[in-house]
Amino acid sequence: MTDSQQERTQSRKPRRILITGGAGFIGSNFVHHWCTNYEGDRVVVLDALTYAGNRQNLASLEGKANFRFVRGNICDRALIDSLLREEKIDTVAHLAAESHVDRSILGPDAFIQTNVVGTFTLLESFRHHWIEEKQPATYRFLHVSTDEVYGSLEPDDPPFRETTPYAPNSPYSASKAGSDHLARAYYHTYGLPTIITNCSNNYGPYHFPEKLIPLMCINILLGKPLPVYGDGQNIRDWLYVGDHCRALDTVLHRGRPGETYNIGGNNEVKNIDLVYRLCELMDELAPELPMRPSRQLITFVKDRPGHDRRYAIDATKMRQELGWTPQETLSSGLRKTIEWYLNNRNWWQPLLSQEYQTYYQKVYGQVEPVN
Ligand code: NAD
Ligand code: DAU
């Protein structure tokens, strides 16, 4: 724990926090972060356990007196109303979402339901709860969102700032943009203490195998092709998930209601260069591989429709107003991540289920390698 965190822990009043999507990738990392740093807080996780949610991610917390897991949907108003009241929730960290761009292209319906209708349901329920409790100034609703709402950058454009106009390009980013607008409107119309964060690409432990970094690591271990979309020149700005969790913690404690904060790692990398780095690290760290050097597995495949070319975040506001900076470099974070996937095969192997194979077939099965 850092000095400032220790100081905060000693002087703060315990919170009663509802974390939605707490069984997912960032959500579960955030739940562990919170339970480790704020042992006196009540932590309630609400998660529907879709394909992306995994209760195993929270196994070490089950049975602890201050922790409760509830399987349920954020669109279920009656459930949320009763949870907020019964648990006397004063803080919501809203991470539940449909989060994968490729899945939003295959089937956008669930994205509109969960990301737009679900966020609306939570906001509306929390608003009534806040009014019933006489509108305490300490209540917070943290809406966790993405840099994808800003659209795509040209090579020489400056990174996204909090003032960059929204220009979402996929059903996923459009649904997240809609939910951001609702969170903003609830502050301006009702005074509900909402705060929005827009973060760049995360990576780290508990990342579901269909996203780029875990997919590449697992395919290297299995000796399967490494599918790189288009020309591999698309750029993403990578942030280690633990740094994102510290940023969310900082925003919840020190962020100003009604504000938006951009969070990013200042690590812009072309996809193909990232895949090369992953191959090199896997060659170094994995004791046995079906194909070595693993870069021989790289296969360029048909591009993702509407594929955004470049994302980059300007996190100056986080640094200057709230004093947050990332602790991991891309090298240290990737190394930690690969070591985690090598040491936790029993976590990811069961996730390569029939449903996963069907999804994989839909996305990659019909595309011809073009190299
Ligand atoms: P994820 O897909 O790994 O996890 C989402 C979780 O939400 C899962 O546990 C799932 O079961 C749950 N969920 C889905 N629909 C639900 C519903 N209707 N009701 C209750 N629970 C439901 O996602 P993630 O990568 O951890 O992302 C978390 C949040 O952070 C999302 O809002 C996402 O938009 C945002 N975000 C993600 C990244 C990233 O790189 N992964 C970057 C920036 C922002
Ligand atoms: O920018 C933040 C966003 O990052 C989050 O809001 C999303 O929830 C999260 O999923 C992530 O979206 P991306 O589309 O950027 O992530 P993904 O891991 O799917 O892809 C990263 C890049 O790699 C992207 O340019 C597409 C490319 N890619 C991805 C896969 C899965 C490939 O080239 N091949 C692949 O097989």
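I started with His32, which sits in helix α2. Helices here are DSSP runs of H or I with at least four residues, strands are runs of E with at least two, and both are numbered from the N terminus. The model is predicted, so local features need pLDDT of at least 70 and side-chain atom pairs count only at pLDDT 80 or more, while totals for chains, interfaces and linings use all residues. Residues are numbered from 1 along each chain as its sequence is written, chains are lettered from A and ligands numbered from 1 in the order written, and side-chain values use heavy atoms, with hydrogens and water left out.

**Entry 1: His32**

Is His32 buried or exposed? I found a relative accessible area of 19%, so His32 counts as buried. The cut-offs are under 20% for buried and over 50% for exposed, with partly exposed in between (1.4 Å probe, protein chains only). I then listed what His32 touches, skipping residues up to four places away in sequence. The list is Asn57, Leu58, Ser60, Leu61 and Tyr206. Contact means heavy atoms within 4.5 Å.

**Entry 2: ligand 1**

Helix α2 came up again here. I looked at which elements supply at least two residues each to the shell around ligand 1, and found α2 (25-37), β5 (140-146) and α6 (171-190). Strand β5 gives the largest share, three residues. I count a residue as near a molecule if one of its heavy atoms lies within 4 Å of it. There are 28 residues around ligand 1, and Ile26, Asp47, Ser99, Tyr172 and Lys176 come nearest.

By class, I noted 13 nonpolar, 13 polar and two charged residues in this shell. Nonpolar covers Ala, Val, Leu, Ile, Met, Phe, Trp, Tyr, Cys and Pro; charged covers Asp, Glu, Lys and Arg; the others, Gly among them, are polar.

Next I checked polar contacts, that is, pairs of N or O atoms within 3.5 Å; within protein, one atom must be able to donate a hydrogen and the other to accept it, and residues adjacent in sequence count only if both atoms are side-chain atoms. A side-chain N or O atom of Asn73 is 3.0 Å from a nitrogen atom of ligand 1. For Ala97, a backbone N or O atom lies 3.5 Å from an oxygen atom of ligand 1. Taken alone, ligand 1 exposes 840 Å², and the protein buries 96% of that. Accessible areas come from the Shrake-Rupley method with a 1.4 Å probe; for residues, only the protein chains shown count as cover.

Why is β5 largely enclosed by the rest of the structure? Seven of its seven residues are buried, so the strand is covered in this way. I sorted its residues by direction. Arg140, Leu142, Val144 and Thr146 point one way from β5, and Phe141, His143 and Ser145 point the other way. Side chains alternate between the two faces of the sheet in a regular strand.

I then looked for partners. Two strands pair if DSSP finds at least two bridges between them. β5 pairs in the parallel sense with β4 (residues 91-94) over four bridges. Val92 stands opposite Phe141 in β5. β5 also runs parallel to β6 (residues 194-199), joined by six bridges. In β6, Cys199 stands opposite Thr146, and Asn198 stands opposite Ser145.

β6 is mostly covered as well, with six of its six residues buried. Thr194, Ile196 and Asn198 point one way from β6; Ile195, Thr197 and Cys199 point the other way.

**Entry 3: ligand 2**

For Arg304, a side-chain N or O atom is 2.6 Å from a ligand 2 oxygen atom. Taken alone, ligand 2 exposes 690 Å², and the protein buries 94% of that.

Which residues come nearest to ligand 2? Of the 23 around it, they are Asp147, Tyr172, Arg304, His307 and Tyr364. I sorted this shell into ten nonpolar, seven polar and six charged residues. α7 (212-222) and β8 (226-229) each supply at least two residues. β8 gives the most, with three.

**Entry 4: Arg345**

I finished with Arg345, in helix α12 (residues 345-348). Its relative accessible area is 31%, so Arg345 is partly exposed. Its contacts, leaving aside neighbours within four places in sequence, are Leu221 and Pro350. The C-alpha atoms of Arg345 and Ile218 are separated by 9.3 Å, though the two residues are 127 apart along the chain.
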